[in-house]
Amino acid sequence: MIRVGMGYDVHQLVKGRDLWIGGIKLQHELGLLGHSDADVLIHAICDAILGAANMRDIGYHFPDTSAETEGMDSKIILKKTIELIATKGYRLGNIDATICAERPKMNPHIPAMQQCMAEVIGCDVDQISIKATTTEKLGFTGRQEGISAYAVALIEK
Ligand SMILES: [Zn+2]
């Protein structure tokens, strides 16, 4: 059996925060605001994986009101998400994701993000596709007020 899920996430860009995307820290003058490390790409991917298994969303499993998730490394959320779907007998098929950001340039960092997430999930790098786009200076991502990410995930058992 195979199932598909989708995920979407947004975080605001602010001063005084680190910029974590796809499990790695990028050099930038702004970082993403959130209760956890605000890794927008991992959050979209986790929602896609949970959605595929019909297991709600990351806000349900990792509430942003809990002290346990405060400042949490999103790689832990990703690992736990894979464990959650495994309780229903599912494993990851593949992920395809898109990051929408005006700056900094994402493309040079994509292989490191793929490698990092593949290690956390325990899958092949080839199962994780990450793309990046600007939004042509339009909207909140174009104005560099935030970064968004979309993901689809296929799971199988
Ligand atoms: Zn998020």
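This is a predicted model: local features need pLDDT of at least 70, side-chain atom pairs count only at pLDDT 80 or more; totals for chains, interfaces and linings use all residues.
View 1. Gly93 has its place in strand β5, which covers residues 91–100. When its neighbours within four places in sequence are left aside, Gly93 is in contact with Gln127, Leu154, Ile155 and Glu156. The C-alpha atom of Gly93 is separated by 9.2 Å from that of Ile128, although the two residues are 35 residues apart along the chain.

**View 2. Gly7 in strand β1.** Gly7 has its place in strand β1, which covers residues 2–14. The relative accessible area of Gly7 is 3%, and the residue is therefore buried. If residues up to four places away in sequence are not counted, Gly7 touches Ala44, Asp47 and Ala48, and also Ala149, Tyr150 and Ala151.

**View 3. The aromatic pair of Tyr8 and Tyr150.** The structure holds one aromatic pair. Tyr8 and Tyr150 form this pair, with 4.7 Å from centre to centre and 40° between the planes, an arrangement that is called tilted. Tyr8 lies in strand β1 and Tyr150 in strand β7 (residues 146–156), so the pair ties together parts of the chain that are 142 residues apart in sequence. How accessible are the two partners, Tyr8 and Tyr150? Tyr8 counts as partly exposed at 36% relative accessibility, and Tyr150 counts as partly exposed at 40%.

**View 4. Lys157 over the ring of Tyr90.** Another aromatic ring is the subject here, that of Tyr90, and Lys157 lies over its face. The distance of Lys157 from the ring centre of Tyr90 is 4.6 Å.

**View 5. The lining of the largest pocket.** About 240 Å³ of space lies in the largest pocket. Of the 15 residues that line this pocket, the closest to its centre are His11, His43, Ile58, Phe62 and Asp64. Which elements of the chain each supply at least two residues of the lining? They are β1, α1 (40–52) and α2 (58–61), and β1 gives the most, with three residues. By residue type, the lining divides into five nonpolar, seven polar and three charged residues.

**View 6. Leu78 in helix α3.** Leu78 lies in helix α3, which runs over residues 74–86. The relative accessible area of Leu78 is 0%, so this residue is buried. Leaving out residues up to four places away in sequence, Leu78 touches Ile42, Ile45, Cys46 and Ile49, together with Met117, Val120 and Ile121. Leu78 and Cys100 are 22 residues apart in sequence, and their C-alpha atoms are 20 Å apart in space.

View 7. His28 is found in the loop between β3 (24–26) and β4 (31–32). Is His28 buried or exposed? A relative accessible area of 17% makes His28 buried, because the cut-off for a buried residue is under 20%. Apart from residues up to four places away in sequence, His28 touches Leu19, Arg103 and Pro104. Arg103 and Pro104 are themselves joined by a cis peptide bond, whose omega is about -10°. Pro104 has its place in the loop between β5 and α4 (110–121).

View 8. Arg56 lies in the loop between α1 and α2, and its phi is near 65°, a positive value in a residue other than glycine. At 56% relative accessibility, Arg56 counts as exposed. Gln144 lies in the loop between α5 (139–142) and β7, and its phi is near 60°, again a positive value in a residue other than glycine. Gln144 has a relative accessible area of 26% and is partly exposed.

Key:
Residues are numbered from 1 along each chain as its sequence is written. Side-chain values use heavy atoms; hydrogens and water are left out. On a 1 Å grid over the protein atoms alone, a cavity is a set of points where a 1.4 Å probe fits but cannot get out, and a pocket is an open set with protein on both sides within 12 Å along at least five of seven lines; lining residues have an atom within 4 Å of a point. Grid points are joined across faces, edges and corners, and a volume is the space filled by probe spheres set on the points. Helices (H or I, at least four residues) and strands (E, at least two) are DSSP runs, numbered from the N terminus. Ala, Val, Leu, Ile, Met, Phe, Trp, Tyr, Cys and Pro count as nonpolar, Asp, Glu, Lys and Arg as charged, and the others, Gly among them, as polar. Buried means under 20% relative accessible area, exposed over 50%, partly exposed in between (1.4 Å probe, protein chains only). Contact means heavy atoms within 4.5 Å. Rings of Phe, Tyr and Trp (its six-membered ring) pair if their centres lie within 6.5 Å; planes under 30 degrees apart count as stacked, over 60 as edge-to-face and the rest as tilted. A charge sits over a ring if NZ of Lys or CZ of Arg is within 6 Å of the ring centre and within 35 degrees of the ring normal.
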